[in-house]
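Please keep the sequence and the 3D view at hand as you read.

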There are 2 protein chains.
Amino acid sequence: MSTFQSLSGFRDFLPEDCAFRDRLFALWRESARRFGFDPYDGPPLEPLELYKKKSGEEIVKQLYNFIDKGNREVALRPEMTPTLARMAGAAQRAYKKPLKWFSIPQLFRYERAQRGRLREHFQWNCDIIGEPGLGAEAELLALMVDAFRAMGLGAAEVEIRVSDRHFWKDYLARHSVPEDRHYDFFQAIDKVGRDPDEVVRGKLGALADDVFRIIREGGSSPRLEELLGLVAAYGIQDFIRIDLGIVRGLAYYTGVVFEAHDRKGEFRAIAGGGRYDDLLKNIGGVDLPALGFGMGDVVITEILKAKGRLGPEPDPRHVHLIIPDEAHRAAALEVATLLRAGGYRVDVPLAAAKVGRQFEAAQDRGAHHAIVVDGAWSTQRTVGLKDLATRAQVSVRLRVEEGRVTGWEQV
Amino acid sequence: MSTFQSLSGFRDFLPEDCAFRDRLFALWRESARRFGFDPYDGPPLEPLELYKKKSGEEIVKQLYNFIDKGNREVALRPEMTPTLARMAGAAQRAYKKPLKWFSIPQLFRYERAQRGRLREHFQWNCDIIGEPGLGAEAELLALMVDAFRAMGLGAAEVEIRVSDRHFWKDYLARHSVPEDRHYDFFQAIDKVGRDPDEVVRGKLGALADDVFRIIREGGSSPRLEELLGLVAAYGIQDFIRIDLGIVRGLAYYTGVVFEAHDRKGEFRAIAGGGRYDDLLKNIGGVDLPALGFGMGDVVITEILKAKGRLGPEPDPRHVHLIIPDEAHRAAALEVATLLRAGGYRVDVPLAAAKVGRQFEAAQDRGAHHAIVVDGAWSTQRTVGLKDLATRAQVSVRLRVEEGRVTGWEQV
């Protein structure tokens, strides 16, 4: 006998964890559906060059890249946006604009292993391509809030901080900061309030106090004020706060950017995104404005579990068959087939077992009812029905229509 | 402007393809749910050693393996069963047996690039762990048939060929073929009817004619006959045919094996699986019997598309808002929020556009209704409702309950 280990930083999803994840994914898909977003997906592996320079240093230096057997430089995707830009650029002619697309890719990174630090996560990506106006920003923010509400998270629990890189670009231009220093400047703003002021001051130089004042006095911009009007029409204004201290790390953002946090600040950022009007041109070969956001599965799962949300729901259509005598196995399998055809979730004992053990298994599986199949099935089309919560057992006749069970009546 | 290419052998899923794939995945999940199978998932990347020797040469030589940045030998998973064996072996103590688990992993291989040859696919994996009896084989076969039926594929279109490696092991023992020649023998049987008889004859030697006779005369075994009794109780006997020519390539199978094909033989195998009673011991460190099957997305998608199955369904809850005057944008966004809260799929024009263009967009998006929001919303809570198929337009009052639209009445 031997045992194997999984790679450090990669998760196994045992059934309870996987079921939770699937409920989260279903919730994301359902919000996307309500907003008219269409699904897409791309390869988990892409040529390394797709990420070089476009994504910002902090992503490129953490890439999970390698040389493949064909001597190509490839990388496990660290984010979805470059793939989206590539795909949308190649296919956009076939679609009316704007495109509203979503995906739930697994993403990867490779950095020095730290305890508990993951090398993969799943991320809900929602993007709008081909719309330059703020209506697109408002729609994306409303979509994110729709998902929060579906999770039972209200404006008292989460907020989305919205900022505008245009504001800072104009600011830097006014203060004659050269273009090649903008990226470092944005990185420094990103750290205001997170790193000590003296540290950030060293990076911002003479502009430091003015930048601190703008962020801390709740500075805004005409663009952000217009956006606030739109989000109010969506009825999501309680979730939104202007915060010019948000810039997002990625190099490709060009306009409005935003980040969702839990109000208490107990967790890392829940989601983030913004406008990246140059990326389609640089990667997809077509000049289309675009914007989007990503919400990872790790932080939101921590929050939902801490609040006891999105837990398993009891399934009244989950039944467990009991076969008291192997002579009735064929009858039980027939009943199982009829129930399953009717949409019931049916566990069948796959081998002979004592009746007590079968009832234990039914309890353990979380079944709602046990259905006892014995000779009465062949003679009267009746079975024993035991409610596993109340332990009441009655005899019922299954209503069978066109080869499927559609209900039952007590006899 | 520049454009990037994806890696050869990796698919992009544009919205129509991705929606088809999602419908297939949903169908698979729904069949698994009806049979009481629980979801699990594991890492797409595993240590190379997990696959060495256990999976059979044909998989190992096609592995998508590489050296990672930490100098570890790793591989993108070529199949799910070793991961399952590792996970189940480590976690099985927490669960009553048998485990019934399913997953839909993306799998990878690397071989010489050929035109149209994919390096990734998705595969529905369903496995039962901890049950040594044929009840488990029958349950798995019934699950596969349940999925076929849900796809609209009947016994006239697909069949599952079932064989038994035990039969051949006994046969080889009777004919004193040494253990170390069994694997090659199985590989040769696998080719009967696919490679020319002379080629197979060269590999089977003196036993060739006897083997040909057994397969072609429809030979069976007591175990397979018992299994046939069980599948009849499930009502799936029309889908099942005994065919001792099926052995499955993988080295780890130990008992009953099976493979699903389209009856006309126009496509490659749809699905395959079998019993692998030694794998948990070898990989998971715990001696538990196990069996399972995998169904890839590529062949079944070809079949379903050829037959026009699993296509998009019209969605009567898909509406497209029309904003005839930007003065009513805020009202339209309010209506959109109420409709979405009620579960409707709602497309909103994100920027000002001529009304004719908005109706065109509604048609193009495949919306069922267009909803025109103008001043009547604020004054009378009414909107214009246009059926995009019949082009009939009426004025309706939206029924709003607790912040969500629950229907509408003509006024």
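How many salt bridges does a search of the whole structure find over all chains? The search finds 77 of them, a salt bridge being a side-chain nitrogen of Lys or Arg within 4 Å of a carboxyl oxygen of Asp or Glu. One of these joins the side chains of Arg86(A) and Asp12(B), at 2.8 Å from N to O. This pair crosses between chains: Arg86(A) sits in helix α3 of chain A, and Asp12(B) in the segment before α1 of chain B. Helices (H or I, at least four residues) and strands (E, at least two) are DSSP runs, numbered from the N terminus.

A word on what you are viewing: this is a predicted model, in which local features need pLDDT of at least 70 and side-chain atom pairs count only at pLDDT 80 or more, while totals for chains, interfaces and linings use all residues. Residues are numbered from 1 along each chain as its sequence is written, chains are lettered from A and ligands numbered from 1 in the order in which they are written, and side-chain values use heavy atoms, with hydrogens and water left out.

Now turn to how the chains are arranged.

At the interface, 94 residues of chain A are in contact with 94 residues of chain B, where contact means heavy atoms within 4.5 Å. Since 100% of the interface residues of chain A are also interface residues in chain B, the copies meet through the same surface. The area buried between chain A and chain B is about 7,900 Å², with carbon and sulfur atoms giving 58%; this is the accessible area (1.4 Å probe) that two parts lose on being put together, summed over both. In chain A, Phe4(A), Arg340(A) and Leu350(A) lose the most area to chain B, together 10% of what that side buries. Across this interface the rule finds 15 salt bridges. Arg345(B) and Asp38(A) form a salt bridge too, with their closest N and O atoms 2.8 Å apart.

What about enclosed space? The structure holds one cavity of 30 Å³ or more, a cavity being a set of points on a 1 Å grid over the protein atoms alone where a 1.4 Å probe fits but cannot get out. The largest cavity has a volume of about 600 Å³, taken as the space filled by probe spheres set on the points, which are joined across faces, edges and corners. Its lining comprises 36 residues, with Arg21(A), Ile104(A), Phe122(A), Ile104(B) and Phe122(B) nearest the centre; lining residues have an atom within 4 Å of a point.

Finally, a detail of the backbone. The peptide bond from Lys97(A) to Pro98(A) is cis, with omega near 0°, and Pro98(A) lies in the loop between α3 (81–91) and β5 of chain A.

Terms used
On a 1 Å grid over the protein atoms alone, a cavity is a set of points where a 1.4 Å probe fits but cannot get out, and a pocket is an open set with protein on both sides within 12 Å along at least five of seven lines; lining residues have an atom within 4 Å of a point.
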